[in-house]
Structures are given as C-alpha cells and as structure tokens.
Amino acid sequence: MLDDPVLKELVQNALEAAAEEGGLATVRAAGSPFLSSSGGIACAIFDLDGRQVAQNAGGLSHVSAVRLMQKELLTVFPVAEMAEGDVFICNDHFRGGVHCADIAMFTPVFFEGEPVLLVGVMMIVSDMGGMSAGGLPANATEIFHEGLIIPPLRYRDAGRRRPDIEALILANVRIPTKVLGDFDAILTGLGTARMRALELLQRYGAATVLNVCDHLINYAQAMTGAGIAAIPDGHYEGDYLIEADGFDERERLTVKCRITVEGKHCSFDFTGTDRQARGPINCSRSQALTGVAFTLRCYLDPTIPLNEGFYKAFDAHFPEGSLLNPTFPAACNLRMATVNGVIGSINKAFADVFPAKLIAGPSAPMTATIGNVPGGKPWALVEADFGTIGARNGADGVDGTPPQLYSSPGWMRSIEGYEIEFPIEFECFRLMPDSGGPGEWRGAATILKRIRILEDGWLTVRSSDTFHHGAAGVQGGKPGSLARWVLNEGREDEEDLPPKKTNHYLKAGSTLSLVNGGGGGFGDPLKRNVEAVARDVRHGIVTREAALHDYGVMVEEDGMSAKKVTA
Amino acid sequence: MSGRRLSVGADIGGTFTDLVVIDQDSGEITNCKTLTTADDPAKGVLRGLQEALSLVDARPEDVQRFVHATTLPTNLVLERKGARVACLLTEGFGDMFAISRQYPSGADRFDMGWQRPPSIVDHELTVEVRERIKAGGKVALPVDLADLDAKLERLAVRAPEAFAICLLHAYINNAHERLVADRVRARFPDATISLSSDVWPEFREYERASATVLSAYVGPTFNSYIDRLRQSLTEIGVPAQLKIMQSNGAIMGVSEAIDRAAYTIESGPAAGVIAAAYSGRMSGRQDIISFDMGGTTAKAGLVTGGQPRIAQEVRVGGKASSSGQREAGEPIRIPVIDLAEVGAGGGSIAWVDDFGHLRLGPHSASSHPGPACYAKGGTEPTTTDANLVLGYLDARYFNGGKMNIDPLLAHKAIEEKVARPLGLSVVEAARGIHSIANAHMGAAIRMVTLQRGIDPRDHPIVAFGGAGPLHIVHLAQMFNITEVIVPISPGVKSAFGLMISDTAYDMVRTYITSMADADVDNLLERFAELTEEAEQMIVGERNRGAETAIMRALDIAYAHKFQTTTVAMPDGPIDAGMLKQVEADFRAEQFQLFGVDSSDSCRIMGIRVRASAKTVPPPKPTVDASATTNPQAAIKYRRSAWFLDAGGFVETPVYDRAKLAPGTAFAGPAIIEEPDSTTVCPPGCSVSVDDMLSLLIAVGKSEDMAITAKEQSYEPT
C-alpha cells in the first residue's frame, strides 16, 4: 500500500478527474455551443452522508446547486432505498434548484453490492414548459409560469426506463425530442462519472477511498480556514443596488451583506436584504450560496478542493422570504442581477481589507429570443450576453468579456454559422464606444450587436439590470453605460424596448440592437494615464469628446498625440 | 561511395535539433542530436546534417530526401516575435480580436485581476473594409475601393509587414478578398498577404481568421527561414527537394508551405505520432495509443486502423492543463493530429503544501536550471530526481553518458523538500513523486481513450520521447493495458516520423444541406471541383512515380447540434445509397463517442478531399554486429532499482539495447538503456525484441494499479 500523502493526492486527483470527465461528457453529448461556453454544467460526487467530495471546475455558475439538491434528495429517498442503476431527477428551486429549466440527476455508485458514493449532474435543458420557450419567462411571477416543477423523483428504476414519468415530463415541454436528447446528455455524463468513481473504488477499496475522502474534506476545511484566518477578524458590511423587481421598473431593491470573520471561520449574513420580488429576479437559496462560494474563493487559494470541507469553513444566512431565499411560489429565472448583488455586496464589504482585489460593478446577463410566426419553417434563435466586467484596481476591465462567474468568451458564436442557420444578418458586432465606465482604470467596453431579421418573427427580451443605473464605479470611478434593447436603431422608426418584453412582433427588415451595460470604472478618471486615453481613442473605445469630457484629455484627430487639459 | 540513397529527417525542438539519417538501401539508421541555434535555426540544421553525414561517411550529394519540422512558428507566437500584421476585416466586425474568444478558465476564474493574453493582432493595424457578402455568397455590398485605398494609405505610416484578409463568408465567395488583396499588393508590394479563403475556406469566421492571421504573422520569418535553409542545402550540394511537415502528420512541398505557414504549428509532435503509428503497424498492431514524454509535457494520441486521429481545430499558444485540454490560446481551424497534452514531464517540481499534501507541478524546472541532479543550481526535486533515486536512471549513463548528473543532489532535494516535511523516507517520497507523475500523465491517455468511449485495454501503447519508456509500463498497469511497444531510438522518434510521412494536401469547402434532401448531382459537381484542385497539388509526385490517392469525406452534424464530425466516404460514384451508408457510419460513431443514439436528422456541413502521395518506407533497421539473442550477453551490469511488486529495491540487470538482436526475450525486472532513453520493465512483465528492434513488453498486473477488468467497460447509466 502506498504511503498516505501520496494516496491522498492520487485519490483527490482521481475524484476530481471523475467529476471533470462527467461534466465534459455531458457537454459533448449535449453538443450545444451555448452550453460548452457558458460553463453551466456541474458534476459532483458525494458520500452517503451527503457530503460533497469533488466537483468539476467548469460548472461554477451552479457550484452549490447540485450539492443542495442532493441533500434534499436524500431526505426523500434515503440511501437504503436506492438500487444500483437508479437515477433520480429534480429541478425544484425550493429544493436546492435554480429554476425550472436547470435539471439535476443523481445516481448511486454501487461497489460490491453496496452503495458507496453518489454522483450528480446539472444542466440547463432546451425547454421545461412554462410561459415562454426556453424556460426563461421575463414576466413570470410564480414558479408555475416558469415551467414544470419536478420534485425529487425516480427517473430510472434499477436501470430501467420509467415510461410513465418520462411521458408526463415530455407532455409538458415544447420540443420533446430535443429535451429527451438533453436528458440523454445528462445521463451520459452521470454514467461517465459513475464509472470513474467505480474504478477508484475497485482500485483502492471502499474503506480506503472513504477514509481519504474524510481526510480531503478536513484538508479543504483547513486550507479554507487558513485563508480566512489571514483576513483580519471583524465585521464587514457591503450592499448592492438592484434596479427593478422584474414586475415594476420603478422598484429599487438592495442586497445587504454583513460578514463576520473570527479566526478560521467566517459568516455571511444577508439580513436586511429586501423582501422577495414579485417578478422573477429572486435568487433561490442555492444560487445565493453559489454567489457566496464563488466570491469567497476569489479571496482564497483557488486550488482548495471544492468539497464539503470548503463549505464547512463558513456559513451563510439568507433570510427566508427575501430576494435570496424566496418562499413558494416565487419565480426565480431572471436571478442574474441578484447573484451579482451577492458578489458585489461581499466585494464591497471586503474593499478596505483587500483594496487590491476591489472590482467595479459588472452588468448582468441578458438574452433575446427571436422565433418565427406559426406556419413557417420553425426557427428560434437565442442571443445571449453574459454581461461586462468592471475595472479592477490596477487594470482595465477586459473588453467584451463577462464577469468571471460566467466565464465565457466575448466572440462566443460563429456569426457566419448564425447567418447560415437563421433568417438573420448581423449588421455589426463591435465594441461600443464610451461604454466602459470612466476611471483611472476603465470599465470593460460592452459589445454592440445589431441583428437584422429577414422574416417576420416574435421577439422576447429579458434583462435584469443596468437599464436605469449603469454598473457602479468604485473609488471615484464612474458607472458604465446603460444597457438597451433598440429596434431599428438610426432609422425613423427607432424605438427602445423595456428591459423585459415577451412576444413583440417584428416585421422582416427590422433590426434589433442588443447592448449590455458597460463595466464600472475604478478610481478618478482624471488620473488616468494620458497615453491610455489616447490609445482608447485610437482603438475606437473612447471618443475624442468623451476623452475631453470624462478624462480631461485632448486627443488629436489622428489619435497620435494627446495632452492633459486642466479644467 | 557514390550512388547512396539517404533520407534525412530534421526536427528542431526547443533545446535540441534531432536528425535521423536512413540509408534507403541498407536500412542503416543513424541519429544525431545537436543544440538548437535559436538565432538562426538553419545553422543548427546544417551543422547537424554535416555531423550526421560524417558519421555515416556520406556526402551531401547522397541525400535524396530531406524532410523538416520546426517549432519556429510556435516559438514566434509564444515569444510574440512575428511580423507586424495588418488585419482587414468586414466593416462592423473589426473588433474581432479585441473582443476575442479567450476567457479565464481553471484557477484563473478566481483571479479578479485576470488579463487576457495579448492578441497577435495589433488593434491599431486593423482596417474595416466596407463590403458585405451574404451567407449564400451573394454580394450585398460591393467593396468600396476608394474607402479601402484611403485606409491603406493611412496604414502606411505603421509599416505593416504582412496582411491578413478575412472577410465574412469569403469561404463561399472569395471575389472580395481577391479584389482587396490586389489593392493591398499594389500599395504594399513587398508585404506577405494571406487570404482566409486560401488558408482555410470553411465557415466560422473566428477560427478561419485566426488561422489567416497566424499565417501572416509567422509567414515572413518562416518563409525567409525556409528559403535560407533551401539555399544552404543546395549550396552544399544536397540534391533533395526540401519537404515540410504539417500539423496533420503529412508533408508538403516548400512552395505550398510558404502559403500555409499556419499548417506547420505543432508539426514535430505530429511526426512523433506518425512514427508511433508506423512502429505499431510494423509490429502488427493497427490500433495503438502513442505516448510521448519529454521534459515539460506529456502527449498522448490515438491511432486506429493504422491512422492517427485528426482534429479540425487547435489552440495556439495555450498552456496544457491537468485534464489534458488546451485551455487558453487562440483557436485556429486547421486539421491537426489530435493530441492530449498535460503539463507533466521530467522537470515537474514536487512540493509539499502548508497542509501536508504532496503535490507535483504545475511549475517545471525545465532545462534551466533543470532537475536538482543536473547540478546547474536547481534545488527543487523533480520527477527526474525521483527516478534517479529509485534506480530507474543511471547517473553515469545520462543522455548516453554525455551529461553528468549527481544523485546526491537529487537525494538531498527530495529529502529536504518532500521526505522530511511528510515524515517519509527519501525512497518513499521518490516513489510518491513517481506515482503522482504517472497519475498526471494518465490524464492524457484517459482523454484520448476513455473520454471518447474507447477502451484503452484494446490498445497497446507505443512509448517514445526521452522519458516515455521509463514511465510507460507503470502507466499501462494503471489502465490494465497488457502490451507496451518501445521503438528503437525513442528519443528521436519525431525526426524518424518525418521520413515515413506521406505527402498530402487537405482541401475543404463549406457545403450545407440536409442529408435527406441532398442534391446528389450538385454534390458530385462540388466534389469534382475540389478533386481537380487536389489533383494539381500531387501531380508532380505522381510524375516522379509515387503512388497517389484521392480520399473524400463529409462533415456531418445532427440538425439540432453544432458539433460536426468528419466521416470518410467510400470510393466509387456518389449516390443516395452511399449517402445513407455515410449517415449510418456517422450515427454509429456518435453512439460510440458520446453514448447518444439520436433520432435527430443529419446535415452535411462541409466536403473534404485529401490528395496524397505515398512515401516509400525504409527497409527494416539493421542489427548491430555485436547483437545476439542471448540476453545475458547484453547485460552491462546490475543496479538496485525499486519495484513495488518486488517489495522494494532489487538488483536489476541493465541491458545494452544495441546488443539485443531480434528474437531475444527476457523477464523483468529489467532496465534497458540506449543513448537517448531508458526503458524500465518491472517484475511480472517480460520483454521480447522483434524484427523492427522494437521492445515488446508483455505487461503483468501490478498490485497497486489493478482495476478489475470486467468492470472497466464504458457504458452510460
């Protein structure tokens, strides 16, 4: 037998590889460019006490959901009732889920006739019914509007299909074959992770693996604790303003966080956060926890194993009935700005102790769906923008790039592919001048996408933030530009759409401009390096007018020379 | 001495330039390693050639074939030393590389200060061309030439050295790109010009443009280097035409290489897989895993039916991740031999974290200062140091005895940095480092097999690279792989691969239609056009007597999915029946790869033609005069080496590989040494030598690695 430290490293590697591979197998089988780039597929492994022992790195935006759903699952189906080949399904956001279209499945790993571990995979599927196709109805006020609710159910019985359950689910979705294909992808990932976990058990035996899991959990807790201990003890407070509640554009809601650091432990208390919203911007408890877990990791060693030990080192309180832990039947699909609120309020709280890590506000994800009118050849195009990152202390925001929780590329799609696939043409896909919040460090410029549709169609738009207030600047930095949906930009019939609109009719030849908010700026713009301003002008990211107005820098027409102008 | 026929393969790597010379008549193979001359790599190649020729007592006139692979293009990108490239993009889309497809992954996602690696495109040298072609190829807006000329004029002050012209939908209608190129040529007659419709005429603007920009970026330096090399070879009297290796494992002529510099990215590692495939084939194995381990990375590839697996995209300038994926770098769309790479090699540094965990990498001691035992100032323990402590390497015979290494330094580094902090003995610590290195490298093998639904147990591993043969049997045991093949001279296998690669050119066109209503006549016509172009590329080879072939393939995707797969078409006339067969092949492969049996309909996404000309393989290698089939005669001495299944250190015979004749067989534990590599065969395994002088190792099970065979099959739940 190998010596302990080596064994621990080997088992940890193997567990993480199993989760990673499960996630990759799901992405591949799903075959959607949207999924593979947005990192929304989570795969995790648990012991029978429901403790997480490993998770893939890719599924960060669902980092805590699989774990909480698994805990809920065990309350309904105790391990003793599980058979080899069972698969369980769930999507309920009051039981650890995120929103109806995010489906999680779990399966036990049997070894020598006994269950030893559980594996779980979570992925967004094409549709789960509800008010609008694709499962993100911007006008939902109840979970019932968002789609079919699936409590923990047995989806496969000892490896056998359950036609009754399958039929019930498929009867409630718009494109059953596509949804079934998505379910297959989840099963593929689940099967892969299960096989890898099984190999590990076969190699080392269940007792050894579980012993090592214990150790790994303690190890992660110790690493996390050591990182927290490096933060001075004390109370830290931060808040984050969210515009609109998803129902009334005039509402303003606040996320509040009070962090208490005491030695190796810290707690995040969100008491004081506003009550749950009428609209769908509520954030289920697991999404709120994801926001906390993601942000805390940004202040610690990023190689801490993502297991139960990490979670043991802190606790988080989300008041019941608030935006971050809404009660039944609140709608939750448009939660992204609220998750930004969790992240932003923590960052603000830590601003004084970690000035180097302070980051200005981002904009939030927004999506548009354009589909055909009934009768023609069916098509439905989803265009998403995951938001724009704010400026950091010492660095501009990365232009055209979303905040890191979503981690997806700016040039995400193939424009040519979209034009081949759909009756649309892109007029432009470019960085929007003057969109990044001015600052000594400039917020990231957002992307202006203008799409012309060549056939009549229905448009549904959803966004949740930065339509009324730009992404916040910090330390004297200015806010980023506002997000907009504009129809027929630059024409006589130009028209701004509200942030959320379901089923707006578009005539062939109309254009939709999709512009997210720019990232917030960091520090006094008048302190910005003059050459940096001139370079931004040369790159078309800042206009000469804004250079003068926001930065007090006069840039010559050719952009080659610039000088400071004192007011 | 006149009238000899020599083939030469020259592979420039980061540290060494490897040359292999084969006498096509006698089969004699001679290897030569010289230091790479970074300032002018051609110098190192020539010096190596002259050294190699003197070794075999031949003249430059005897060199009938000269094939070359170089890391030059990769290094130009990594060191950002390429040409000043002006990038011409369709108006409205000029920010393509400022928006970029790069984003933070892995630990970078938690780094709030993350910065995107700078693009090789300077935003200030980007020009938007007022023009537009629609998806079907129709012109929506003709090129505004006056506007273009004015913009080119303004560009002149920035003295661009190369141009990349990448216009939307140019893969289907290249008229605008050609027109723009004419105007550029008129204004900048000396600049290198790359057109996306030439470099890779397939839809997906970002990947096509990246490949085009890359060609423009490395083109001028690469072209002048190739020109210099060609001239120098001619000057010393080499009659052979220079051939250049491509990333897809085939070779091309110099004039084609000059238009397609991007196609040479990662060509050295590709040649290694070709060599591994050849070794497998010659030993009667069609389906193998290739495993190449050097100082900083380990790479695994898959060969099925004797052919390496080809991928259609590669990321350039990225780092290798622990899961075997390229995570960063610009994606470019060209055919490449599919390799999984992990950042683990002989130089990976072992360390103990604050919580008592033994970890390996990601830092590497690389060649400077190198492992502690190199005595060049390195104090961190590495995989190589661990291997030395375990007795797998010989301090006196390192790199064929040309390099002195100090086992005491290895011992000291492991003791101080790993053993003492963990409360282990030095040997236990070394064993741990060796095992963790194997676990890391296993990820690369896993990636090309299990992750694709392929059972590794059906695939012998062909191991090469300086360090591959040392680790390979333990790795095979991890996967229950029962056979390992170590070809002769594993340390210079990439250079050898150059000489056995066929000449081939890949042509592609985007062609999108649903499989069910494909217009067969139209498809035939498009294939005929592409085939004619492809024929032109190999007509010269055919006239010289080479056996040539044309192969056709379709890119297919499920209608609701974007992932395309290339499926070979049988020979013969294309008809509805053949399309049905191709569709069935596609569905079967999807099921095997992803475990998904879809009822979705299929679409053709593109058509491909490959024109190839066969290379005459070298005769079987010659056997050293001193070789016999008596293994005892090949034992140099015995040394103590550590094996788990032997319960610790055992006296292990060390064999001189040159003295092993075909037919020799012996059992482990054994260590087999040759100048460029060391093979370790644990107890319970046995070695036999075949006609190719390859070591065939029958791998026995090991206690700590065994996986119950019946449970390992791959199936979705």
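Author: In this predicted model, Val654(B) stands opposite Ile671(B), which lies in S32(B). The strands concerned are strand S30 (residues 648-656) and strand S32 (residues 670-674) of chain B, which run parallel and are joined by three bridges. Both belong to an open sheet of four strands in chain B, with the order S29-S30-S32-S33 and mixed pairing. Strand S29 (635-643) and strand S33 (677-681) of chain B are the edge strands, each pairing on one side only. Neighbouring strands of this sheet are turned against each other by 25° on average, with direction ignored.

Next come the cysteines. A disulfide is a covalent bond between the sulfur atoms of two cysteines. With a cut-off of 2.5 Å between the sulfur atoms, the count over all chains is zero disulfides. In chain B, the sulfur of Cys87(B) has its closest cysteine sulfur in Cys166(B), and because the distance is 4.6 Å, the two are too far apart for a bond. Cys87(B) is buried, with a relative accessible area of 0%. In chain A, the closest cysteine sulfur to that of Cys266(A) is in Cys257(A), 9.4 Å away, so this is also too far for a bond. Cys266(A) is buried, its relative accessible area being 0%.

Last, a piece of the surface. Leu548(A), Met554(A) and Val565(A) make a nonpolar surface patch of about 210 Å². Of these, Val565(A) is placed in the segment after strand S22 (562-564) of chain A. Val565(A) counts as partly exposed because its relative accessibility is 33%.

Key: Residues are numbered from 1 along each chain as its sequence is written. Chains are lettered from A and ligands numbered from 1 in the order in which they are written. This is a predicted model: local features need pLDDT of at least 70, side-chain atom pairs count only at pLDDT 80 or more; totals for chains, interfaces and linings use all residues. Side-chain values use heavy atoms; hydrogens and water are left out. Patches are made of residues with over 30% relative accessible area and no salt bridge: like charges are joined within 9 Å, nonpolar side chains (Val, Leu, Ile, Met, Phe, Trp, Tyr) within 5 Å. Accessible areas come from the Shrake-Rupley method with a 1.4 Å probe; for residues, only the protein chains shown count as cover. A salt bridge is a side-chain nitrogen of Lys or Arg within 4 Å of a carboxyl oxygen of Asp or Glu. Helices (H or I, at least four residues) and strands (E, at least two) are DSSP runs, numbered from the N terminus. Buried means under 20% relative accessible area, exposed over 50%, partly exposed in between (1.4 Å probe, protein chains only). Two strands pair if DSSP finds at least two bridges between them. Axes are lines fitted to C-alpha atoms, for helices over the stretch in contact, and angles run from 0 to 180 degrees between N-to-C directions.
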